Every structure is written in structure tokens, then in C-alpha cells.
Amino acid sequence: MNKWLVDALRCPYCFGEFKVLHGNSSQDKESYAVLECDCEQYPVVEDILVIRKGVIGNHGESSKTVSHLILSGKNQEALLSLVMPPTPAGRDLAPAWVQRLPQVRGMDRVKNLLGNVARPWWARSMRDFFAAGPEGRTATDYIEAALGAKRQYKHYHYFMNRFGQPRHLVALSLMAPIQSPAGPVLDFGCGFGHLTRHLVRRAGRQPVVGADRDFTRLYVAKHFFAPEASYVCCDGSTSFPFVDHFFSVVYSSDTLYMVPNKVVCSREFRRIVDRNGLIIIAGIHNGLVDAENYVSQRMPYSSYGLLLGSWSHRMITNRDVLDRYGEKCGPDLSRSSTTMALNQDPWFSIVATNHEGLLVDQGSFDDWPHAEGIPDLNPLYKPATSNEKGDICYRHTFPSSWYEKEDGGCRQYEPEEVWIASEVLYDLSLRKRTPAMEDLIAHCVIVGMPERFHNHAHSCPK
Ligand SMILES: C[S@@+](CC[C@H](N)C(=O)[O-])C[C@H]1O[C@@H](n2cnc3c(N)ncnc32)[C@H](O)[C@@H]1O
Ligand SMILES: [Zn+2]
């Protein structure tokens, strides 16, 4: 466990410092501990500091129960209590052949009955999966285990296909002003770490902290997306567990708009960042547009500006960021988007700072930010046909109509069909980037992925 991080932490409820307690297990002694303040005991599981009170597991486990498991040496039980997904609805566990039957009267009852029978099997297989640990596994295995249940499909598709998404490119582009920060960088609402891994590169020698209230996502971020970062599981609707002005940059993508208490969250951003630091909030839903699909998020862009108090800031629409991204340029932070543009775009971002010198045109990128990592095919492309030379034609597919509605803008730069030469496919299988790939990278057909996102095999069409 990182001592520098524990020293920078304070309890969000009593602002007390933490004493570190260790359990009596001889295994994983460094990665499991309990942080104690005057009002609570918080568990540290697999080096992830869980600074949340009350129920923290999907099956009702509280911070006290999990801390107790660690102090009694039951580290694996502590891990399982935090990573076991919620039990899916009975009908979603019914066998595949039942799912395929026509939806006649009474069918839901049949599915529920068969699904309920499958529950103990489901629980056992999940326990076995998570207990075995990340060795030999990929991020995709974990995302499937965590979000594979039917009602999670929306999130599943979002995270599996994040790499070339318009909102992902915006989030990457907004990192442009992060250059050799003087202190640590926070990625608030980091999820599985899709952006955290890029922040690690931008932060240089400074540490990056990923924070999210979802433990399993942090676990995947730590093992697969950005192992170099440190992780804190906390809730953005309460005080943040950090000392004042600890970070040089507070970065957050696709998150603030879904935090219920935006006043607390934005006030905390300003409290924990250095007075001359940067607050970058990428991907905020604008309540003026598409309100029917976001009934609980009606705040218009102008109200978000009020949350930043006296801090100088810019508000830029996704359209404006993407237009420049297409030309391989970062955002122009010398001014906000026009009111007309802000009134019409469903998504926008905010960059706030007291250091006005940072609010300038960010110029061009040396390389495509979305190419950072192992070059691989954008998962939205599926093989369609091939020729005798071994070239393959890939077709762009949307995993769902919701995905297409939300992120269909990618079709402005991702072609519907693309032939990829066998030599390029061969180089991809070797994880090698070559000049022949540049055009495919410019169109996000090839994107940069983390080392162990999935098994890198480019299947031929059947
Ligand atoms: C749409 S995801 C974005 C993840 C990541 N930043 C990215 O851009 O890929 C939003 C994340 O915010 C987290 N989140 C939502 N509300 C939160 C809260 N109140 N406190 C902490 N995290 C929260 C969710 O668990 C989720 O992982
Ligand atoms: Zn406390």
C-alpha cells in the first residue's frame, strides 16, 4: 500500500487521519489492510482503498464486515464480498434454449422458474472466476463477468467499444493541457481506467490516482488498464477523502453529470486541486438537448458554469472538440464555444483553472492520442469477407440501437466497410505499428489498446 497516498487521505466524515491495521493473514499482507479513524474502519482490498461507509458490497456487505474479514485474515472473502456482481434476474439466467423460445403467454414464468434453479450455479461460477484472480485473464473476461447481465448491456457495450467513440476522443483531447504537472493527477469516476492509462502518460513522474465508487471497475483498472496508478473507491456525492490542494489536476470524464450531488462534487474538485491547478471535466450531458432520454439529468450547460464559482473556465461542445481532433489538433481553450453551439450539442466539456495561461489554443498533436497503446482493430469492426491473398473486408457494426443513438457520430470518421491487407493484419498480430496503418489509425479503424484488453487474434470470416 502506498504510504504517500495514505498520508494524503482523510476520512470524509470526521476528517481524521488514518492508522493502518493489518490482519493476521500471512498472504497478501501488503495489499490488504484496514484504515482506522475516530469514526470508522475502512478496508483496503488488493491495494484499493475503499473509503465508503455503510453497504459497499453488492450483497449487502458493509465496510465494517469487510474490514472485519481482513482483520481476521480472510482476505479472499473480503475480495469476493466486493467483486461479486449483483444476482441477475431469474429470467436472465434461464438457459439459452429457453431464451430462444417464442414469447408466448406464461413464458416469463417458465424463464423465471428455470432461472431460479440456475442461481446457485451462477453464484458458484462467479465465485470461482473472481477467486482465481487475473492471472491468464483479460480485461474483457472481467468486463463480461461484471456487466454481462442483460440489464447491464448498455454499460457493457459502452465500455467494450470505448476506444474510437466520439466521447472517448473528446476525453482524450481534453488532456492536452496536462503537461508535466507539478503534483499528482486525479481521475475521478475513472471506471475501468480507459482514460486513466492515458493520464499516466501525461502525468510523467507524478502519480495518478483513479477514484470511482464501483470497486470492481477499479480492480480491472488496476490489473489491466493502468497498473501504474493508485486507486481509491469513494463516492463523489460526499466529501472526498483527500487533504486540501493535494492534486495539480482533477480530471473527470463522462461522470459529473451522473453524480447526484453536483454541488458537493464540484466544490470538492476545487478544494482538493492546487490553487493554480486544472479542473478538466470532459463529457457532460447538456440537459437542454435530448432531455427525454436523460430524464434525471436536466441541468443545462449554463448551470454547470455556476458550480465553478470564481474559477476561470471554458465550455466547449463535443462538436467543436471533434472538428479539431479530426485535424489532429487539441481543443482551442482560448474561448468557449458559441452560445448557439452550446444550445444545440447534447455533450460538452469544461476546463477550469485560476492559471489563465493554460486557457490557450492547444495546437496540434504529435501523434493521435487514440493510438497510444497496442495497435489493434476497433472492436466495432467484424470480418465480413476475404480474398485469396488473405486480405479481409471488415464491416462496421453497432452492438445496439442505443449505442448507435449515443455514439453513432463515429460513422463520420469510421468507414462502413474497409479492406485490410494481410500484411497489415500480420503486423497487428505481432502488435507492431507500421506506416501502412496510419490511414486506418486516422479513421479509428485501428486504435491503441491496453496490453491485456482481450486475446489479440484476428479471426477470419466464417
Ligand atoms: C460513464 S462511466 C465513465 C468512466 C470513465 N471515466 C471513462 O470515461 O471511460 C462513469 C463512472 O462514474 C462512476 N460514478 C458515477 N457516479 C459516481 C459517484 N457518485 N461517485 C463516484 N463515482 C461515480 C461510475 O461508477 C462509472 O464508473
Ligand atoms: Zn472518520
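Me: Starting with Cys37, is that residue buried or exposed?
Reply: Cys37 counts as buried, because its relative accessibility is 10%. The cut-off for buried is under 20%. Keep in mind that this is a predicted model.

Me: And Cys14, what does that one count as?
Reply: Partly exposed, because Cys14 has 31% relative accessibility. That class lies between the 20% limit for buried and the 50% limit for exposed.

Me: Which residues coordinate the zinc ion?
Reply: Cys11, Cys14, Cys37 and Cys39 coordinate the zinc ion, ligand 2. Each uses its SG atom. The distances run from 2.3 to 2.4 Å.

Me: What geometry does the site of the zinc ion have?
Reply: Tetrahedral. The angles among the 4 donor atoms are 104 to 117°.

Me: What spacing do the donors follow along the chain?
Reply: The spacing is C-x2-C-x22-C-x1-C. Cys14 and Cys37 are 23 residues apart, and this pair links distant parts of the chain.

Me: Where do Cys14 and Cys37 sit?
Reply: Both are in loops. Cys14 is in the loop between α1 (3–8) and β1 (19–21). Cys37 is in the loop between β2 (33–36) and β3 (41–45).

Me: New topic, ligand 1. How many residues surround it?
Reply: Ligand 1 has 21 residues around it. The closest are Arg162, Gly189, Asp212, Gly236 and Ser253.

Me: How many of the shell residues are nonpolar, polar and charged?
Reply: The shell around ligand 1 has 8 nonpolar, 6 polar and 7 charged residues.

Me: Which atom of ligand 1 does Gly189 lie by?
Reply: A nitrogen atom of ligand 1. A backbone N or O atom of Gly189 lies 2.7 Å from that nitrogen.

Me: How much of ligand 1 does the protein cover?
Reply: The protein covers 96% of its accessible area. On its own, ligand 1 has 590 Å².

Terms used
Residues numbered from 1 in each chain as written. Chains lettered and ligands numbered in written order. Predicted model: local features only at pLDDT ≥ 70, side-chain atom pairs only at ≥ 80, totals over all residues. Heavy atoms only, no water. Near = heavy atom within 4 Å. Polar contact = N/O pair within 3.5 Å; in protein donor to acceptor, adjacent residues only side chain to side chain. Areas by Shrake-Rupley, 256 points an atom, 1.4 Å probe, with all protein chains shown as cover. Nonpolar A, V, L, I, M, F, W, Y, C, P; charged D, E, K, R; others polar. Donors = N, O, S within 2.8 Å, 3.2 Å for Na, K, Ca; no water. Tetrahedral: all angles 85-135°; square planar, octahedral: opposite > 155°, others 65-115°. Helix = DSSP H or I, 4+ residues; strand = E, 2+ residues; numbered from the N terminus. Buried < 20%, exposed > 50% of the residue type's maximum accessible area, 1.4 Å probe, protein only.
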